[in-house]
Amino acid sequence: MQNVSREFNYKYYVNALTGNVVDSISNSHGGLGTAICRSPYNCQQYIDTDWRGGIFMDYYLRAHTSSRLFETRTHFPRLGWEGSGKITDADNDWQTDHQYKTTAHFHMQNAWDYFSAYPRYWRGPDNKSKEILVWVAQTDNVQKGIKMEFADNKHKRWLLMVGKSGTDFYGTVDLIGHEYSHSFMIESVGLVRQGQSGWIHEGLGDAFGVCVEHYVDGGNPDWSIGNDENLQVRNVSAPWQSLNANDYSEIDYSKNDYYNGAIAGRWFFILSDGEPYGNTPWVSGIGIDKAERIIFRMFESGFVTSNAGYNQIASASVNAASQLYGVCSWEVTQTILAWNKVLIYPKGNCTTASISSILTKSFGIEIYPNPSNSKFRINLSGTPDKYLVTVFDITGREVLNPISMVDKTIIIDVSGLASGTYMCQVKNSNGEFVTKKVIVTH
Ligand SMILES: [Zn+2]
């Protein structure tokens, strides 16, 4: 028996003796559509779509799989979501048709996938694949900018509104990543969007936006927000360029959440990329992959509470880094020093630890001569173990292949490295490590 409803096409299985419906199976199936990216990309996007059977026989912008659940529609003024038309394509090869919508749909897919991918595994805003509706403005100024809100109490869905005004289109990967993270911060710990928590929302929102863009594009992180559409909304690495607060001394309660929240974004930038050229102690940066694990863990483990301010998120980040990388680890020290750079001083035993000091460990190292022009000798004190020696530059990148150290002493050849400051790290089989600053001079 087959019932062709208006939109969906179901097969019903009926008990022949009783006439009861025992099962029904939808004939509708998802699809993998292709669409052309908006400038500046020259690429092909693979977008998750759904098939409408019935009298329509076409595909529409809805991701509806076991892991993704969101739909993109055109925002017509005065019509609610239900009244706004589905965006459809007959053969699922969208090319440049409905390009603003396919682009927003694609970036929602990227944001969703970023949070649900390794090592986060967070499915949808609430970790239970709660649905998100994406509403893209059809005409200019229906929606200025972009915003995410929980606006559908009846269906318990999130609504992302993507604005368009003239050549300004707000559906960039970093802005959609930013908005998506609002729903994550609210669903995970209930972070409110007022007072200092409102600042944190915007500052860490930009950090998450950079992370989503980095997840999609790879390479070095892009710290400018909205620049893919020439918007240049904010610069996370240099808040002063977008007239936002650079450190805690510039907090101004009369200004908006973006202004005061920029300090959290700058902290994240310094933690990720380092800031070696400022005043001592310098921060070498732990790389964006480790930094983003810290901000995600802050929420995932509940180190942040609903009305968190700067002091609390600073402590939360130290707790998260300690849990991930070890108490008083190099990553924890960097986390604290990065906060110090924006004039926030989280409490903790490692607060005064300098990255060049020997931390309290089961082993210690001595490096000489330092500075050196060709070779360093590392002498190790502690129990015999398999140790691994790694050398990083000031941006946190490995500059030599890791070298295993089985004896109490080893010689490291640095003659191939450019003159400059490096970090030499020795790690034991328990993951404990000691890091020392070394200087190469030619
Ligand atoms: Zn925001």
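Modeller: First a term: two residues are in contact if their C-beta atoms, placed from the backbone, lie within 7 Å. This is a predicted model, where local features need pLDDT of at least 70 and side-chain atom pairs count only at pLDDT 80 or more, while totals for chains, interfaces and linings use all residues. Residues are numbered from 1 along each chain as its sequence is written.

Biologist: What do the buried residues of α7 pack against?

Modeller: They pack against α4 (257-273), α5 (288-300), α6 (310-325), β23 (420-427) and β24 (433-440). Helices (H or I, at least four residues) and strands (E, at least two) are DSSP runs, numbered from the N terminus.

Biologist: How many residues of α7 are buried?

Modeller: Eleven of its twelve, including Trp330, Trp339 and Lys341. Buried means 20 or more other C-beta atoms within 10 Å of the residue's own, exposed means 12 or fewer, and partly exposed is in between; C-beta atoms are placed from the backbone.

Biologist: And just after α7, which residue takes a positive phi?

Modeller: Leu343, at about 65°.

Biologist: Changing topic: how many residues has the largest nonpolar core?

Modeller: It has 81, and Val134 and Val162 have the most contacts inside it. A nonpolar core is a set of buried Ala, Val, Leu, Ile, Met, Phe, Trp, Tyr and Cys residues joined through C-beta atoms within 7 Å. The largest share of this core, ten residues, comes from α4.

Biologist: Where does this core lie?

Modeller: Domain 1 (2-16 + 25-171) and domain 2 (197-341) both contribute residues, so this core lies between them. The domain bounds come from an automatic or database domain assignment.
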